[in-house]
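Please look through the model shown below. The paragraphs after it take a few residues in turn.

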Amino acid sequence: MEKIQRKVSELIRPEIRALKAYHVPDATGLIKLDAMENPYAWPEAVKREWLDILQQVALNRYPDPDARGLRERLRAALGVPPGMELMLGNGSDELIQIILMAMARPGAVVLAPTPTFVMYEMIATFAGMKFAGVPLRPDFSLDIPAMSKAIAAHQPAVIFLAWPNNPTGNLFVREDVRRVIEQAPGLVVLDEAYHAFAGDSFMDQLGKHDNLLVMRTLSKQGLAGLRLGMLAGPRPWLDEFNKVRLPYNIGVLTQASAGFALAHLALMDAQAGQIRAERERLFKTLSAMKGVQAWPSQANFILFRVEQGDADRVFEGLRQHGVLIKNLNPAGGLLKNCLRVTVGTPEENAAFLKALEAVL
Ligand code: PMP
C-alpha cells in the first residue's frame, strides 16, 4: 500500500491529489430534494410509446457522431438563432470540460462570480487552469466594480455566469450580464441550466456579441438520467470545441430518448410550470417560518438560511426525518448556515416543511 502511495504522490498531479472528489450522498430510502431533479415521471402511455421507439434502436451500431437529427430538433426547441451552431455534450458538465480542455493554455484563467456552480472551478483545476472567484454582493447580485477589476487584472480566457445562479437561485440583472460580456477580453459562457424555471434568456443575443455562448441542459426538465447538455454560439468557437469532443459522446439511447422527449415538449413545459407554482408556495411557507431567511428563486430550488441555528444540525435532523437536501454551510462565506432545497412534488415539499418545523 505504502509503495503504491509513493508512486501516486510521484505521478499524480499535486492539484489533483489536493482535490476532494465531487461527493454524491446516498439517497436510498430518503425523499430526494438535493440535486435539482424534476420529481415527475412520464405518464404510462408516454412511457410505452418511448419504449417502442427504443426497441428500434440499433445497440450494436455506434451512434451518429454528429447527432444530426437530434441537433436539428433541439435547434428548433431551444430557439437557436439562424447562423449559430449547436454542440451536444454528455451533460453540460462535459461541455464545460470540453471548453476548458480547448482553452487551457499555460497561465489561462477561468473567472466566475462566487458562490456558483462548483464544477467551473473543479474542471478548471483538472485542465490545469487558474480559477479566479469574484464574490457576489451579500444580496447575491453581481458586484460589477469587483468584476471589472478582476477582469482587468486576470484577463480571463473564459468567464462562466450561471443564469439563474446555483446555489443562490437568482437571475443577475440583464444589464450587469451585458456589462460583463462587453468587458470580457475572452469568452463568456452563459449557463442557462435552469432556463425552464427562469422566464428569461440570452439565446436571442447570440451573434450580437462575438464572445457569447449559451449553455442549456435537459437535466432539470425530467431527463437528468439521460445526460444531455447543449452549447450554442458562433461557429468559429464551436468548430474548435468539436475537435476536442469525443466522437460518440452522445449514445444511441440518449439520442433516441431526447428526440422522443422533444416531441412531447408540452409535457415537459407543463411539469416545469407545476414546479414553478410549487416553488412559489414553498417560498411563501419558508419565508414565514421563524428563524428562516429564504431567497426568492428563478430556478427549481430555494436557498435558505437558518438564522439562529446551526445548518449542519438542521441538515442532519432533516435526514433523520427522511429528507435529503443540500448543506452549503461547509462552503462558508456568504453561504454560512445556508441550505438548498430542490422543489419537489407537493407531497415531498410538505414532508420537507414538516420535518423542518420539527428540527428547527
Ligand atoms: N450548470 C449548472 C449551473 C448546474 O447547476 C448544473 C447541475 N447542478 C449543471 C450545469 C450540470 O448539469 P448537467 O446535468 O447538464 O451536467
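Helices here are DSSP runs of H or I with at least four residues, strands are runs of E with at least two, and both are numbered from the N terminus. The model is a predicted one. In these terms, Tyr-22 sits in the loop between helix 2 (14-17) and strand 1 (31-32).

Tyr-22 has a relative accessible area of 45%. Because buried means under 20% and exposed means over 50%, Tyr-22 is classed as partly exposed. Together with Val-24 and Val-118, Tyr-22 makes a nonpolar surface patch of about 310 Å².

What does Ala-198 touch, not counting residues up to four places away in sequence? Its contacts are Pro-164, Leu-171 and Gln-298. Between Ala-198 and Asp-312 there are 29 Å in space, C-alpha to C-alpha, and the two are 114 residues apart in sequence.

For Asn-211, leaving aside neighbours within four places in sequence, the residues in contact are Ile-181, Ala-184, Gly-186, Leu-187, Val-188 and Trp-237. With Ile-181, a polar atom of the Asn-211 side chain lies 3.0 Å from the backbone oxygen.

Terms used
Residues are numbered from 1 along each chain as its sequence is written. This is a predicted model: local features need pLDDT of at least 70, side-chain atom pairs count only at pLDDT 80 or more; totals for chains, interfaces and linings use all residues. Side-chain values use heavy atoms; hydrogens and water are left out. Patches are made of residues with over 30% relative accessible area and no salt bridge: like charges are joined within 9 Å, nonpolar side chains (Val, Leu, Ile, Met, Phe, Trp, Tyr) within 5 Å. Accessible areas come from the Shrake-Rupley method with a 1.4 Å probe; for residues, only the protein chains shown count as cover. A salt bridge is a side-chain nitrogen of Lys or Arg within 4 Å of a carboxyl oxygen of Asp or Glu. Buried means under 20% relative accessible area, exposed over 50%, partly exposed in between (1.4 Å probe, protein chains only). Contact means heavy atoms within 4.5 Å. A polar contact is a pair of N or O atoms within 3.5 Å; within protein, one must be able to donate a hydrogen and the other to accept it, and residues adjacent in sequence count only if both atoms are side-chain atoms.
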